[in-house]
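Here is a short tour of a protein model, written to be read with the structure open beside you.

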Amino acid sequence: MCQICFEEPGSHSFFFLKKENDINYYYTCPAKASKYWDAEGIINHYREILDLNNDNPWIWIFDSSNFGLQHSLQINVALGIVQLFKEKHGKSLKEIQIIKPTIYIKSMYSVISPFLTEELTNIIKWYD
(Lines give C-alpha, C1' and ligand atoms only; values in the text may rest on other atoms or scores of the structure.)
Protein backbone atom coordinates (compact mmCIF):
# COMPACT_ATOMS: atom_id res chain seq x y z
CA MET A 1 0.00 0.00 0.00
CA CYS A 2 1.12 3.54 -0.72
CA GLN A 3 2.76 4.77 2.47
CA ILE A 4 1.62 8.35 1.86
CA CYS A 5 -2.03 7.26 1.49
CA PHE A 6 -1.66 4.99 4.51
CA GLU A 7 -0.61 7.97 6.62
CA GLU A 8 -2.97 10.45 4.94
CA PRO A 9 -5.89 8.66 3.25
CA GLY A 10 -7.04 10.34 0.06
CA SER A 11 -3.65 11.82 -0.79
CA HIS A 12 -3.67 10.13 -4.21
CA SER A 13 -6.44 8.76 -6.38
CA PHE A 14 -5.86 5.45 -8.16
CA PHE A 15 -7.38 2.14 -7.17
CA PHE A 16 -8.67 -1.20 -8.40
CA LEU A 17 -12.37 -0.88 -9.17
CA LYS A 18 -13.53 -4.27 -10.47
CA LYS A 19 -12.78 -7.27 -12.66
CA GLU A 20 -15.10 -7.93 -15.58
CA ASN A 21 -14.59 -10.39 -18.46
CA ASP A 22 -11.01 -11.07 -17.31
CA ILE A 23 -10.14 -7.37 -17.49
CA ASN A 24 -9.19 -5.38 -14.40
CA TYR A 25 -10.60 -1.87 -14.13
CA TYR A 26 -8.73 0.89 -12.31
CA TYR A 27 -10.17 4.28 -11.44
CA THR A 28 -8.75 7.69 -10.76
CA CYS A 29 -10.24 11.11 -10.09
CA PRO A 30 -7.42 13.62 -9.57
CA ALA A 31 -9.81 16.25 -8.19
CA LYS A 32 -10.47 13.96 -5.22
CA ALA A 33 -6.76 13.66 -4.36
CA SER A 34 -5.48 16.03 -1.71
CA LYS A 35 -1.90 15.73 -3.03
CA TYR A 36 -2.66 15.98 -6.76
CA TRP A 37 0.69 17.80 -7.21
CA ASP A 38 2.84 15.05 -5.61
CA ALA A 39 4.41 13.66 -8.80
CA GLU A 40 6.83 11.23 -7.16
CA GLY A 41 4.23 9.92 -4.71
CA ILE A 42 1.57 9.55 -7.40
CA ILE A 43 3.90 7.68 -9.77
CA ASN A 44 4.96 5.36 -6.95
CA HIS A 45 1.30 4.84 -6.01
CA TYR A 46 0.42 3.86 -9.61
CA ARG A 47 3.50 1.61 -9.86
CA GLU A 48 2.67 -0.24 -6.64
CA ILE A 49 -0.91 -0.92 -7.68
CA LEU A 50 -0.08 -1.85 -11.27
CA ASP A 51 2.73 -4.18 -10.17
CA LEU A 52 0.02 -6.17 -8.36
CA ASN A 53 -1.87 -6.42 -11.65
CA ASN A 54 0.82 -8.81 -12.94
CA ASP A 55 0.46 -7.70 -16.57
CA ASN A 56 -3.18 -8.77 -16.69
CA PRO A 57 -5.27 -6.80 -19.20
CA TRP A 58 -6.64 -3.62 -17.68
CA ILE A 59 -8.69 -0.52 -18.40
CA TRP A 60 -8.02 2.87 -16.83
CA ILE A 61 -11.07 4.99 -16.03
CA PHE A 62 -9.93 8.59 -15.70
CA ASP A 63 -12.73 10.62 -14.11
CA SER A 64 -12.00 14.25 -14.88
CA SER A 65 -14.92 15.60 -12.85
CA ASN A 66 -13.85 18.92 -11.33
CA PHE A 67 -10.45 18.67 -13.04
CA GLY A 68 -9.42 22.31 -12.90
CA LEU A 69 -6.60 24.67 -13.72
CA GLN A 70 -4.55 23.61 -10.68
CA HIS A 71 -4.67 19.99 -11.89
CA SER A 72 -3.85 20.85 -15.50
CA LEU A 73 -0.67 22.58 -14.37
CA GLN A 74 0.74 19.30 -13.02
CA ILE A 75 2.35 18.33 -16.32
CA ASN A 76 5.13 16.45 -14.49
CA VAL A 77 2.51 14.10 -12.99
CA ALA A 78 0.99 13.38 -16.41
CA LEU A 79 4.38 12.86 -18.05
CA GLY A 80 5.45 10.56 -15.22
CA ILE A 81 2.38 8.39 -15.74
CA VAL A 82 3.01 8.32 -19.49
CA GLN A 83 6.59 7.21 -18.83
CA LEU A 84 5.38 4.49 -16.46
CA PHE A 85 3.09 3.19 -19.20
CA LYS A 86 5.88 3.32 -21.80
CA GLU A 87 8.30 1.43 -19.55
CA LYS A 88 6.08 -1.37 -18.35
CA HIS A 89 2.40 -1.13 -17.60
CA GLY A 90 1.18 0.15 -20.97
CA LYS A 91 1.60 -3.21 -22.67
CA SER A 92 -1.40 -4.71 -20.89
CA LEU A 93 -3.45 -1.47 -20.91
CA LYS A 94 -6.42 -2.04 -23.22
CA GLU A 95 -8.25 1.28 -22.96
CA ILE A 96 -8.10 4.67 -21.29
CA GLN A 97 -11.60 6.01 -20.68
CA ILE A 98 -11.63 9.74 -20.01
CA ILE A 99 -15.02 10.54 -18.54
CA LYS A 100 -16.60 13.95 -17.93
CA PRO A 101 -13.80 15.83 -19.71
CA THR A 102 -13.28 19.45 -18.77
CA ILE A 103 -11.58 22.13 -20.84
CA TYR A 104 -8.57 21.71 -18.54
CA ILE A 105 -8.13 17.98 -19.19
CA LYS A 106 -8.42 18.66 -22.91
CA SER A 107 -5.74 21.37 -22.59
CA MET A 108 -3.45 19.04 -20.66
CA TYR A 109 -3.99 16.33 -23.27
CA SER A 110 -2.89 18.70 -26.04
CA VAL A 111 0.31 19.44 -24.11
CA ILE A 112 1.22 15.80 -23.38
CA SER A 113 0.00 14.24 -26.66
CA PRO A 114 3.40 14.62 -28.39
CA PHE A 115 4.85 12.37 -25.66
CA LEU A 116 2.29 9.59 -26.15
CA THR A 117 3.02 6.53 -28.22
CA GLU A 118 0.73 5.73 -31.11
CA GLU A 119 -0.48 2.70 -29.14
CA LEU A 120 -1.51 4.87 -26.19
CA THR A 121 -3.15 7.48 -28.41
CA ASN A 122 -5.21 4.79 -30.14
CA ILE A 123 -6.72 3.43 -26.91
CA ILE A 124 -7.91 6.77 -25.49
CA LYS A 125 -11.69 7.11 -25.53
CA TRP A 126 -13.55 10.27 -24.52
CA TYR A 127 -16.94 10.06 -22.78
CA ASP A 128 -19.06 13.11 -21.91
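A residue is called buried under 20% relative accessible area, exposed over 50%, and partly exposed in between. Please keep in mind that this is a predicted model.

With that scale in hand, take Leu79, which lies in helix H4. Its relative accessibility is 28%, so Leu79 counts as partly exposed. Leaving out residues up to four places away in sequence, Leu79 touches Ile112 and Phe115. As for Glu48, it sits 31 residues from Leu79 in sequence, and the two C-alpha atoms are 17 Å apart in space.

## How H4 meets H5

Helix H4 (residues 75–89) packs against helix H5 (residues 103–112) at an angle of about 60°, and their axes are 11 Å apart. That angle makes H4 oblique to H5. The crossing of H4 past H5 is right-handed.

Which residues in H4 and H5 meet? From H4 come Ile75, Ala78, Leu79 and Val82, while H5 brings Met108, Val111 and Ile112. Sorted by type, the residues of this contact are 7 nonpolar, no polar and no charged.

## The nonpolar cores

In soluble globular proteins, nonpolar side chains tend to be buried together. Here, the largest nonpolar core has 28 residues. Those with the most contacts inside this core are Phe14, Trp58, Trp60, Ile81, Phe85, Leu93 and Ile96. At least two core residues come from each of helix H2 (39–52), strand E3 (58–63), H4, strand E4 (93–99) and H5.

Setting aside its neighbours within four places in sequence, Phe14 is in contact with Tyr26, Tyr27, Thr28, His45, Tyr46, Ile49, Leu50, Trp58 and Trp60.

## A lysine in a loop

Our last stop is Lys35, found in the loop between strand E2 (23–28) and H2. Is Lys35 buried or exposed? At 18% relative accessibility, Lys35 counts as buried, because the cut-off for buried is under 20%.

Which residues does Lys35 touch, not counting those up to four places away in sequence? They are Ile4, Glu8, Ser11, His12 and Ile42.

How values were computed: Residues numbered from 1 in each chain as written. Predicted model: local features only at pLDDT ≥ 70, side-chain atom pairs only at ≥ 80, totals over all residues. Heavy atoms only, no water. Axes fitted to C-alpha atoms, helices over the stretch in contact; angles between N-to-C directions. Helix = DSSP H or I, 4+ residues; strand = E, 2+ residues; numbered from the N terminus. Parallel < 35°, antiparallel > 145°, perpendicular 65-115°, else oblique. Left-handed = near helix turned anticlockwise from the far one by under 90°. Contact = heavy atoms within 4.5 Å. Nonpolar A, V, L, I, M, F, W, Y, C, P; charged D, E, K, R; others polar. Core = buried A, V, L, I, M, F, W, Y, C linked by side-chain atoms within 4.5 Å. Buried < 20%, exposed > 50% of the residue type's maximum accessible area, 1.4 Å probe, protein only.
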